[in-house]
Amino acid sequence: LPQFEVELRKELEEAAFQVGINAAAENLHKMAMEGPYRPISLMHEENRFLVPTDDIPVVGVCCPTDPKEPTYLVSVSEYGELNDHLAIPPGTRLDQGKNRGKIIDFLLMSRPLAVLVGTSGGFGSRLVHRKLTDLINEAVTRWNSRDIQGEDEDDEDFMQRQEKFQKYRPQRMYGMDDDDEEDLEWKCNADLIDDAVPMVFGHSARGKKEFPDHAPNLRVAIAIARYGKDPVGELTYAWNVASDTGLFGTELLYINIHPMQQLLKTLRGPLLLRHYERALCDVVADVGADVNKCCEFDHLQGLLTFVPGLGPRKAANLRQRVIQQGSAIPSRRSLLENRFMGPVVYNNAVAFLRIHHFDENSRHQFQMHPLDNTRLHPDVYQKNNWATKIATDALERAEDGTRNREAAGIKALRDVMDNSAQEVQRLFETTKEEWEKRHGPNSFNPAEWDPKVHVPPDFWNDKVEELDLDAFAQMIEQQNGQGKWHSHLEMIKWEFRLPFADPRKPMEVLQGDRLFKLITGETDQSLRPGKELTGKVTGNGDFGSRIKLEGEIPAFISLKNLSDDHVESAEDVVAIGTIVTALVTEVKKDHMTVNMSMKMEDFRKNPSSWERPESLPPLDFYFDATASKAIEDKKVKEREARLEALLLKPTTKIGDGNKRMGRVARRACAHPAFRNARGEDVDKELKEAGPAMVGEALIRPSSKSADSLAIHWMVRDGQIKIIEVNEEDKDNDASIGNVLKVKGESYGSIDELLGRFIAPMNDFVEELTNHRKFVDLPEDEVDEKLRSQKTANPNSIPYSICWMEMHPGYASLRFILSTTPRQHPIGISPNGFVWGTKTYKSLDLLLNDFKKNPKGTSVAKSRSAPLASGSNSGPAGKTSRWGTKRPPAPSAAPPPPQPTWNQPPPPPAQPPIYGQPPHLPPPPTAYGNRPPPPPGPPPQYPGQQYPYQRPPPPPYNR
C-alpha cells in the first residue's frame, strides 16, 4: 500500500502539471490569436473582410512607472520601423505650456490612425490617455480645416496658416493617392493597450541590440506600436532569442501568461516551452507569414521560425539567402527555382508563405501571381492547374486556341476574384439594409459581419457559385485517380472570395475587468467584497471620506458607512492623513474605484455572506464546506473578541487636534434626558413612544470620541436627527463636560443645551408645518402636484415645502421652472431657517428671497487677503453664473462673545443691511425675538413644566 500511494501521488502530480501546462499553452494561443488593433474609423465604418486593417501608421506611448523618467511618444511606419519620437520631461503636464504645442506638431507630422498608450503606468497611463484624446481632437480639427477660411479670418492670415501646414504635407497618409491628397480626411483615436510583451522587449538583450542608443522606455514605446500592429509578430520575436543555455523562448516566461506559470517554469520549464512553441506554430499556420516582410524587417523574422516545415535553422538560412540576393521574392515558384529551399521543405511550407504586393514606398516592386497571396497550395494552380480551370469555366471562356494560356489563366483568375469581391460587397450592403429595416437605422455593426458565418449558401450569386464542384471532384477522383480533392476545391472557392482572410478578430478595446486588472494590478481574488484593507484618508467631503489604498487605488467611504451611528460630518470620525482599516463593499471597475465600510455591522459579517465574484472558479462538489465553516467560525470568534475589546475598553488615544479617540460606555449623569445606551436603543425608545415624543431630545455618549455626546432629536414622527456635541473641561471620563459645544456655540449644561438649542428649533419646526406652503406628503407626490399646477398655468413657478425623506431635520423647497422638478434643502437651526449660507428669522423672508431668485444665490469665494474696499468677496459688478451682476458683499464681522447665564449677551456687530437706512435698529440677537435668560444660575423647574423633564417611559422608570 505505501508503494501504491507513492505511485498514485506521482501520477496525480504529473496529471496536475499536464493540466496546468495545457491551460498556459491555451492562454498563449488566445493571446497570439488576437488580431491587430483596428482604429475606430475602420472598426465602426468598414468591415474587415472588405477593408482589411493591413499596415497602418501608429504612435506608441510609454508611461513610466518611475515619476522621474520621461514619457515617450513614438511614431512608427506602416511596417513597424521607427520614424520619430518625442520625450515629455518628467514632472510636466502634457496639455500645458510648450508640451501641448510639441505634441500637436508631432501628431500633425506623423498623422497616425491610432495612438496606443501602454497600461504599465497604472493610473498615470489612464490620465495620459485622457489628455492625449483632447490633443488628438485638436490636431485632427486643425488638419481637416487647414483649407477652410474662417469667417473672421482675412486672406493674409489664411495664407499664412496654409504656409505653416506645408511642413506637414510630405508625410503621406494611410490610403492616400496622388489624386485624393487634398480630399482625404484624417481620423485618429487613442486607446489603452496591454504592454506586457513590449515591456519585455524594452528591457531585453534583443531590444538593446536593435536600439542600442535608446532608453528602455523609448524601446517600450516602439514595441507598443509594433504590438498593436501585429501581436503574434511580437510574440514570435520574443521567442526567437536564445538564452545563455541555448534555450529558445525564455523571454515568454517573463510574461504573465498564466497564474501558475512561475511554478510550472520552476518544475517543468522545458515541457512548458515546448507547448508554447506548439501554440505559436498553430497560430502562424492559421495566419500565415509574408515572406518578403519577414526577411526585410528584423522584428518580423520570428514568424518564419514557426512556419510549418521551416523551424529556426531553415528560417534563418532562408532569410540570409534573400538578404544576400538583395531583392525580394517575386513568386512562390522562385523559392524553388532559386533554391531558397529544397523540394520537401517547399512542399511543406509554401502554402503558409504569402507573396504580398508592396506599395510604391517600398524598396521592392514586381508583378505577382494572384494566387500567391492565398492559402492555396501551388499544386492546385500550377502543377494541376485546377484553380485556373475553375476560373475559366466560371467565366465560360474557352482554353483551346489561346496563344498564351498562362496569361489568359491569370487574367481569368483576376476576373473571377474581382467578381467574388463585388459579390461580398453586395451581400454586405444587402445584409446591412435588411438589418436596419428590422432594427432601426445605425443598428448594424459592420465589425461583427462574417460572410462565412452570416451568409447562407443559397444567397451567393458570384460566378464560382454556379459551378458544381462536387462533380468536378468526382471527375478528378475517377479519371486521374488522385484521391479525394473536394476540400481543396472548396478552399479554392473561398480563397477566390476572401484571399488569405485574417482569421483573427481585431484587438478588443480594454474595458471592464481586464482594464481594471491592468491599471490597478488587482483581480477578483485579491480585491473583492468582504476583503479587509488598510488605506490613508486623503480628503473629507459632504458625502464621505476619500481613501487611497495600496497601488494608488482610490476608495470612498460614505457617511452612512463611516460608523454604525449617525454621522453628521466625516471629520467627526476620521481626519485627513489618518490610516484606517475598512472592508470592501463594492468594486466599481468601470469607475476604477472601491466602495468601503467601517461599520462594525459589516465587520461582523461572515466572509461567506459576501457575494462571490463570477470570475472566480465555482465551488465544486468536492469542496469541503464543513472544514471551511469551522475555519470561518474560528475567525469570526477572534474578530468578535477583538471588536468587543475595542468597543468596551476606554481609550486614551490622541487624534488630530488633541481629540481623544475611542468611546466610554457609561456616564455618571442623572439627568432625565440622558441615556447610557446605544444609538439604536435610543432611537427605539423615541419611536416606540410615537407622536408624544415629537420635539423631544435624548442624549447619550457618542461613539466618535471619548469627549463627545450625541443628541437624538425627534423632528417628527418616525424621523430622528442626531447632533454631535463636543465636551470640554471634563472632571473625569465618566462625567459630563462643563462646557458643551455644538457647531461653535457653547452651553453650560444639558438644560441650557435643551433650552437654547432644541427648543428654538422646535418653534421653527412648528412654524414650518403650519405654513400655507407646507404639505405633509412624500417628495414624489409633491412633484406630481407641482407638475399638475405647472400644466394648468405654464407661466407660473409652482413651489411647495415638504420634509426631506433621506435627511431628517431638513425641509425640501421643491419647485418647477420649466419641466423638471428641482429642490433646495432648507435647514433648521436655533437661529432660523438656513438656505445656502444665509439664515432667515422666518420662513416668509426665505420665500421672498426665493421668489426673487428661484435658482438660488451664488456663494462668493473667500479670499486670503481683503480687497481695497474691505470686503472678502469678489469685486463689485462681477457677473454671476446666472448672468446677473453680483452686488458687493459686506465685510465679515467678528463673531459675538459667548453669552453666559450671569449676563445677557451684548448685541453683536452687524453688517449694514442693503436697502435700509443706517439708523435702523440692529437685527435680533442670537436669542432671536425671545428675551435673554435672567441673570444668575440656571433655574430649576419643579415637576413636569418642560416636556424633556418628564420621567422616561419603561424600562427606565422601573
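Predicted model: local features only at pLDDT ≥ 70, side-chain atom pairs only at ≥ 80, totals over all residues.
1. Lys 517 is partly exposed, with a relative accessible area of 43%.

2. Lys 517 sits in helix H21, which covers residues 512–520. Setting aside residues up to four places away in sequence, Lys 517 touches Glu 522 and Thr 523. Met 592 is 75 residues from Lys 517 in sequence, yet their C-alpha atoms are 9.8 Å apart in space.

3. Next, the barrel. Five strands form a closed barrel in the order E8-E9-E10-E12-E11, and the pairing is mixed. From one strand to the next, the twist averages 50 degrees.

4. E8 (residues 532–540) pairs with E11 (residues 579–588). The pairing is antiparallel and runs over five bridges. Within it, Lys 536 stands opposite Ile 579 of E11.

5. Helix H20 takes in residues 486–497. Its twelve residues should span 16 Å at 1.5 Å a residue, and the end C-alpha atoms are 17 Å apart, so the two figures agree. The buried residues of H20 are Leu 489, Ile 492, Lys 493, Glu 495, Phe 496 and Arg 497. Charged side chains are among them: Lys 493, Glu 495 and Arg 497.

6. Asp 683 deserves a look. It belongs to helix H24 (residues 679–689). Asp 683 is buried but has no salt bridge. The nearest side chain of opposite charge is Lys 687, 5.5 Å away; a salt bridge has to fall within 4 Å. Leaving out neighbours within four places in sequence, Asp 683 contacts His 712 and Ile 720.

Definitions and conventions: Residues numbered from 1 in each chain as written. Heavy atoms only, no water. Pairing = 2+ DSSP bridges. Helix = DSSP H or I, 4+ residues; strand = E, 2+ residues; numbered from the N terminus. Axes fitted to C-alpha atoms, helices over the stretch in contact; angles between N-to-C directions. Expected span 1.5 Å × (residues − 1). Buried < 20%, exposed > 50% of the residue type's maximum accessible area, 1.4 Å probe, protein only. Contact = heavy atoms within 4.5 Å.
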